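Reader: I've got a chain to go through with you. Could you put it up, and I'll ask as we go?

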Amino acid sequence: MKKTFRRAFIEITNRCNLACSFCAVSARPALDMPADLFEKAAVQAGALAEVVSLHVLGEPLIHPQFPAILACCSRLGLKVNLVTNGLLLENYPQDLFAEKCLSQLSISLHALSCLPEAERGAAIRRLAAFAAAKPAGLTIGFRLRSASEDAFFKAALKELLEAFKLTVSPGADYVKLGEGVFL
């Protein structure tokens, strides 16, 4: 049955491990959504939308009950897209990302622009290694949005393409980096 909406967004936390210049600043107190409240919201969102996206302002991987939230989504039969800056992926076992609800993991590379320049390349290489070892069935999308003449954009693109041993012509809408891995 077709649902009313393509996507519903649930902000499971408004806390983040970064302070990106492009993110909105909020005066709200830093909070994590309790797992029981998340389940109620997920039931409602799942009834209305084809996909539940765990992202608004906070970094979902910072939530102390993140594995339980994914398990709840699987139990409810939801299809989940997770948007993250990726820096906390290594805090979880790789098999967590094989959770049956998780269909897409989008990594915002532009968030890494707030890291010290000397740390950016290593962070991108770790994210590329995570993507190369991803569970079957999970799609990973690296998001890199900026003007192509932007220095960070150029450096991040170069680092990511080198990690996947690829070259690409400028102007492509997306690039297949590997099986189920896109830029």
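Author: Ground rules for naming, then: helices (H or I, at least four residues) and strands (E, at least two) are DSSP runs, numbered from the N terminus. This is a predicted model, where local features need pLDDT of at least 70 and side-chain atom pairs count only at pLDDT 80 or more, while totals for chains, interfaces and linings use all residues. Residues are numbered from 1 along each chain as its sequence is written, and side-chain values use heavy atoms, with hydrogens and water left out.

Reader: How many helices and strands does the chain come to?
Author: Reading from the N terminus, the elements run β-α-β-α-β-β-α-β-α-β-β. That comes to 4 helices and 7 strands.

Reader: What is the order of the strands in the open sheet?
Author: Strands count as paired if DSSP finds at least two bridges between them. β1 and β2, for instance, pair in the parallel sense over 4 bridges, with Phe-9 opposite Ser-53 in β2. Across the sheet of 7 strands the pairing is mixed, and the order is β1-β2-β3-β4-β5-β7-β6.

Reader: Which strands stand at the edges?
Author: Look for strands with a single partner, so that one side is left without a neighbour in the sheet. Those are β1 (5–9) and β6 (176–178).

Reader: Which elements do the buried residues of α2 pack against?
Author: Buried here means under 20% relative accessible area, exposed over 50%, partly exposed in between (1.4 Å probe, protein chains only). In α2 (residues 66–75), the buried ones are Phe-66, Ile-69, Leu-70, Cys-72, Cys-73 and Ser-74. With contact taken as heavy atoms within 4.5 Å, they pack against α1 (35–48), β2 (49–54), β3 (80–84) and β4 (102–108).

Reader: Which residue just after α2 takes a positive phi?
Author: The angle in question is about 75 degrees. The residue is Gly-77.

Reader: What share of the 183 residues is buried?
Author: The C-alpha trace spans about 45 × 40 × 30 Å along its principal axes. Within the chain, the buried share of the 183 residues is 45%.
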